[in-house]
Amino acid sequence: MSETPGSTPGRRSFLLAGLGVAGAGVLAACGGGSGAGRPALVSPSGAAVGAADGKRNRTGRTHEVSLVAAPAPVELGGGVTAGTWAFAGRTPGEELRVSAGDLVAATLSNRLPDRTTTSVHWHGIALRNDMDGVPPVTQTAVASGQDFTYRFLADAPGTYFFHPHVGLQLDRGLYAPLIVEDPNEPLSYDDEWVVVLDDWLDGVAGTPDEVYAELKRGMGAMHGGGMAMKHMLMGAESPLLGGDAGDVRYPYHLVNGRVPGDPQVLRSAPGRRVRLRLVNAGGDTAYRVALGGHRMTVTHTDGFPVRHQEADALLIGMGERYDVLVTLGDGVFPLVALAEGKNAVGRALVRTGSGAAPVADFRPGELEGAVATGSRLKAADDVRLPSGKADRVHRVELTGGMMAYDWAINGERFDMDDPARRPITVAEGQRVRLDFVNSTGMWHPVHLHGHTYQLGADGPRKDTAIVLPGRTVSVFFDADNPGRWLLHCHNAYHGEAGMMALLAYED
Ligand SMILES: [Cu+2]
């Protein structure tokens, strides 16, 4: 499709919409495997991918960046140093900022330990499939000592980030914000702050791989042998998340790479209007975010505009992004990220005048006020997908649990060694509806690569949506970006356990 994400669907999808078919039959028909063999799928670098990419808006400008992934000691403030993996020795990595339609030429240099492969996934960007950074689906993993250059057009403005898509590397320090500016920015504001949230343990209390090994041993092992659990978190409860909030205990919750006792100070002046771009780069923690003494106006989620909504706080799951506007008061204010259900906070400080900072674990009253969530927002008029009958419907059931740590989709744990074994198939030009059915006892942030779906008939456009336990969230999108895309839980540990699927275009 030639359209930008905000426009109406193309003629082809309009025509196909008239051929709408009921979901159940299609699901059975594309389950794959039985007798007829596997469906033919679009290749990640095939003609269809090039044709779709050729229709993207472009400015002709190129941003060349170097991303060196290597082990590094990273200072988290307060005397805490983490031995982790990072880009150029800092966490978050240096912000990448481009304008809509610019070409990104980012060379990843893998300087991680021997036999450690890596990649970069451009989270939320609807880019050409072979640059999506998902080995082995869209590329061969970048081997230690090797380089790989990603070249892609970023043609939708918004707040994004990037991180590896190999194993549990997401839960190390390899991430950075990616901001795509709108050359015709409709919002007016005086300052802009990018605020990246992260739950942290790597190089302080173990490694993500050690955490996963413990989780895999499972609650069964704990009950059977009375084994002590170092990392597994029990009894993390959050009404906002419908119960169990998380699996992993983290010693720190970071805001822009700093511990709450030694926070980043964001300086401005009273009366100035600030745009905050919030990114949750965490592995297993949702955050409830508030700025003490202020209300906020939510303007975007996952890069796309929403009808402006006032809120005291907002809930942000792993992989989600929110943009808010705030008009600053006079003084010192804590920008607090409450680790939902985990009884801990991360924070930065906003300073516009004199005053003393509150104590490190201070929780502003706004956290208990009106909380904005994706499910309570509406798409802005200019990006709302017109409702229409879906050409294809897939039931995407989230399954599994803590006991066997067998998180999966439709009861099947994803096999990275055979990713196209049982794809969820779509055809270019179709309107697709996905029904995320959460049959587990826990919430999941469900992320689709390469597309921005809409929640229901008039909900926000998003690429990562919180699905509460026992609930169903229906999303739809226009299949306009051919290739092979992951659909997965953005809890790093659930994804690694197998709560992933391949959404693939038929050839
Ligand atoms: Cu999950």
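Me: Which residues have the most contacts inside the largest nonpolar core?

Reply: W122 and Y493 have the most contacts there, in a core of 90 residues. The model is predicted: local features need pLDDT of at least 70, side-chain atom pairs count only at pLDDT 80 or more, and totals for chains, interfaces and linings use all residues. Residues are numbered from 1 along each chain as its sequence is written, and side-chain values use heavy atoms, leaving out hydrogens and water.

Me: What makes a set of residues a nonpolar core?

Reply: Its members are buried Ala, Val, Leu, Ile, Met, Phe, Trp, Tyr and Cys residues joined through side-chain atoms within 4.5 Å. Another core, of 29 residues, lies apart from the largest one and includes V274, V289, A311 and A372.

Me: With which residues is Y493 in contact, leaving aside its neighbours within four places in sequence?

Reply: Y493 is in contact (heavy atoms within 4.5 Å) with L168, D171, P208, V211, Y212, L215, V248, Y250, G283, D284 and Y405.

Me: Why is R321 called buried?

Reply: Buried means under 20% relative accessible area, exposed over 50% and partly exposed in between, with a 1.4 Å probe and protein chains only. R321 has a relative accessible area of 0%, so it is buried. This residue is found in strand β19 (residues 321-327).

Me: How do you know which backbone oxygen lies 2.8 Å from a polar atom of the side chain of R321?

Reply: The distance belongs to the backbone oxygen of T159. The backbone oxygen of G319 lies 2.9 Å from a polar atom of that side chain.

Me: Why are H444, C489 and H494 called protein donors of the copper ion?

Reply: Donors are N, O and S atoms within 2.8 Å of the metal (3.2 Å for Na, K and Ca), and sites may look incomplete because water is not among the atoms. H444 (ND1), C489 (SG) and H494 (ND1) lie 2.0 Å from the copper ion, and therefore they qualify. Along the chain, the donors follow the spacing H-x44-C-x4-H. Both C489 and H494 are buried.

Me: What makes β13 and β22 edge strands of their sheet?

Reply: The open sheet has six strands in the order β13-β21-β20-β15-β18-β22, with mixed pairing. β13 (265-267) and β22 (371-372) each have a single partner strand, so one side of each is left without a neighbour in the sheet. Strands are DSSP runs (E, at least two residues; helices are H or I, at least four), numbered from the N terminus.

Me: How do you know that β15 and β18 pair?

Reply: Two strands pair if DSSP finds at least two bridges between them. β15 (residues 287-291) and β18 (residues 313-316) have three bridges in the antiparallel sense, so they pair. L315 in β18 is the bridge partner of R288. With β20 (residues 332-339), β15 pairs in the antiparallel sense over five bridges, and L291 stands opposite L335.

Me: Why is β15 described as largely enclosed by the rest of the structure?

Reply: Five of the five residues of β15 are buried, so the description holds. Y287, V289 and L291 cover one side, and R288 and A290 the other.

Me: What joins β16 to β17?

Reply: Five bridges join β16 (residues 296-301) to β17 (residues 304-311), and the two strands run antiparallel. H300 stands opposite P305 in β17. Their hairpin has two residues between the strands, and D302 takes a positive phi near 50 degrees.

Definitions and conventions
A polar contact is a pair of N or O atoms within 3.5 Å; within protein, one must be able to donate a hydrogen and the other to accept it, and residues adjacent in sequence count only if both atoms are side-chain atoms.
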